[in-house]
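Work through the exercises below with the model in view. Try each task before you read its solution.

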Amino acid sequence: MKHLVTTQLAFCGFGIFLSAQTAEKPNIIYILADDLGYGDTGCYGQIKIETPNIDNLAKGGMLFSQFYSGTTVSAPSRSVLLTGKHTGHTYIRGNDELPERGDVQSHQAMFNNPFLEGQRPLPSDTYTIPAMLKDVGYVTGCVGKWGLGYPGSRSTPARMGFDFFYGYNCQRQAHTYYPPFLYKNENREYLNNKIIEPGTLISKGLDPLSANSYSKYVQNDYAPDLMFRELLSFIEKNKKNHFFLYWATPIPHVPLQAPQRWIDYYVKKFGDEKPYLGKMGYYPSRYPNATYAAMISYLDEQVGAIIDYLKENGLYNNTLIIFTSDNGPTFNGGTDSHYFRSAGPFKSERGWGKTSLHEGGIRVPFIASWPKIIKANSYTDHVSAAWDIMPTFAEITGATLTETDGISILPTLKGKKQRGHEYLYWEFPENKGQIAIRVNNWKGLIQNVKNGNNRMELFDLNSDPQELYNLADENPDIIKRMENIIKEAHIRSEIEKFRFPFDN
């Protein structure tokens with residue numbers, strides 16, 4: 001499934017509306033939400049949370065029903081996206097905080113010592129999407145959450161191909177939306193916020209039903225506001241260039257913290273609710289469901305503001321906007337995926353959503369809008385995944401692509417015949433070890449691999465999207481084929497903690 005691709009593609013016929021220089025390549029904005037479930041937006045069936053701008057983006061472009069994330073948690077999902085290699089090949093295959101450095105969980109310790117921030121870095125010679133696009137003249141920017149290398153490492157955004165970065169270097173720092181600092185390029189910018197360690201409960205003696213009891217969790221500088229300001233500034237500064245913007249927003253990843261105006265809106269809509277007192281991590285919240293909805297509607301509002309800006313500045317028609325998520329919905333921090341049906345038709349409770357290779361953990365929304373190319377209000381059931389993005393961008397921009405596991409989905413975007421994958425493959429070394437394979441309508445899943453289990457379950461996703469009925473015994477030939485795929489798709493990880501028992 002590896003493909004060596006060199007593309008030199010130019011689109012014609014744009015000169016009526018745009019200059020010849022601009023017409024050659026589109027601007028690209030890739031919006032990666034964090035823990036947003038397949039069913040968390042209106043265009044994917046959400047009925048409680050309002051997302052009119054994202055829904056309109058889908059109406060103006062193409063909605064994918066069978067797109068998959070790189071994997072089921074943050075760092076490796078980003079590694080897959082940026083390298084074009086699935087988790088059987090990509091370097092980062094799980095979250096790795098490098099605890100041998102010291103107290104990497106303490107926000108105060110990280111504040112005092114930047115070396116304790118961040119996650120395991122990518123190798124210095126890793127070829128990434130931004131590096132590829134820089135080679136064909138793009139200005140590249142990353143705003144949001146990085147999670148692929150600590151400050152000063154070989155794998156900061158600047159060293160992985162981004163001309164500009166603003167946001168959280170460390171995904172654990174993103175466990176508060178009121179952090180004491182964010183990064184601008186390689187340097188900290190300190191904010192007017194105090195350190196409140198995640199897990200801090202409301203003070204004893206306070207009434208849990210009073211909103212005032214939660215006031216200490218609301219501070220001065222709300223990181224998503226600051227990041228969005230820098231995002232618009234990046235577009236403004238580069239609107240006469242070809243630009244690639246990777247917006248890795250931390251929303252709606254917990255903690256539950258949102259602008260009060262949106263919380264008030266959903267409290268009025270949903271009515272009173274039981275407070276979340278913090279027993280499942282992060283921070284307590286007086287109105288957890290209202291706040292979760294508020295975060296998503298706030299993100300939707302920002303998406304709308306970007307679209308308005310692009311239209312006002314004559315950039316919209318030749319900008320490819322992609323909206324998707326890094327994995328399925330979470331189960332902790334006060335969230336209630338069952339209440340919202342956040343995974344849509346799939347199961348999403350603990351063991352089925354985030355941290356799981358079930359459909360609820362890896363099937364994600366994917367919307368593509370590019371008015372000059374993509375037909376409005378179009379739909380596809382083409383089976384694709386995050387490792388297809390790098391070859392897609394290469395074909396669109398004429399970049400030279402090194403070896404990846406992906407297949408360009410540009411034909412699908414243009415409404416043309418599309419070559420499909422022989423299979424999709426995931427492995428996840430955390431949560432007792434899991435392996436998943438998708439072949440046509442069949443889904444193979446092995447759980448508890450690190451406990452010695454090697455028995456594969458088999459599901460027919462056409463008739464059983466919730467993966468409830470194991471058909472392995474009735475289909476030994478399909479099981480055998482998938483077992484052979486594992487041997488083909490898996491390369492022993494260079495990192496010991498990402499290895500499986502069969503690597504030894």
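**Exercise 1. Find how far apart in sequence the contacting residues of the chain lie.**

Solution. Start with the term: a contact means heavy atoms within 4.5 Å. Take the contacts between residues at least 6 apart in sequence; 71% of them join residues at least 24 apart.

A note on the source: this is a predicted model, where local features need pLDDT of at least 70, side-chain atom pairs count only at pLDDT 80 or more, and totals for chains, interfaces and linings use all residues. Residues are numbered from 1 along each chain as its sequence is written, and side-chain values use heavy atoms, with hydrogens and water left out.

**Exercise 2. Describe the overall build of the chain.**

Solution. Step one is secondary structure. The chain has 13 helices and 17 strands. These are DSSP runs numbered from the N terminus: helices are H or I with at least four residues, strands are E with at least two.

Step three is extent. The C-alpha trace spans about 65 × 60 × 45 Å along its principal axes.

**Exercise 3. Describe burial, surface and charge.**

Solution. Set the cut-offs: buried is under 20% relative accessible area, exposed is over 50%, and partly exposed is in between (1.4 Å probe, protein chains only). Buried residues make up 64% of the 504 residues.

Now the surface. The chain exposes about 19,200 Å², and carbon and sulfur atoms supply 49% of that area. Accessible areas come from the Shrake-Rupley method with a 1.4 Å probe; for residues, only the protein chains shown count as cover.

Now the charges. There are 52 positive and 53 negative side chains. Lys and Arg count as positive, Asp and Glu as negative; His and the chain ends are not counted. Place each charge at NZ of Lys, CZ of Arg, CG of Asp or CD of Glu. The centres of the two sets then lie 1 Å apart.

**Exercise 4. Count the disulfides, then look at Cys-142.**

Solution. A disulfide is a covalent bond between the sulfur atoms of two cysteines. The test used here is a pair of cysteine sulfur atoms within 2.5 Å. The count is 0. Cys-142 is in no disulfide: the nearest cysteine sulfur belongs to Cys-170 and is 14 Å away. Cys-142 is buried, at 0% relative accessible area. Cys-43 is partly exposed, at 23%.

**Exercise 5. Look at backbone geometry in the loops.**

Solution. Recall the background: most residues other than glycine have a negative phi, and most peptide bonds are trans.

- Ile-251 and Pro-252 are joined by a cis peptide bond, with omega about 5 degrees. Pro-252 is in the loop between β8 (243-248) and α7 (260-270).
- The bond from Val-254 to Pro-255 is cis, with omega near 20 degrees. Pro-255 also lies in the loop between β8 and α7.
- Tyr-282 is not a glycine, yet its phi is positive, about 65 degrees. Tyr-282 sits in the loop between α7 and α8 and is buried at 14% relative accessibility.
- Asn-431 is not a glycine either and has a positive phi of about 55 degrees. Asn-431 lies in the loop between β14 (424-428) and β15 (434-439) and is partly exposed at 42%.
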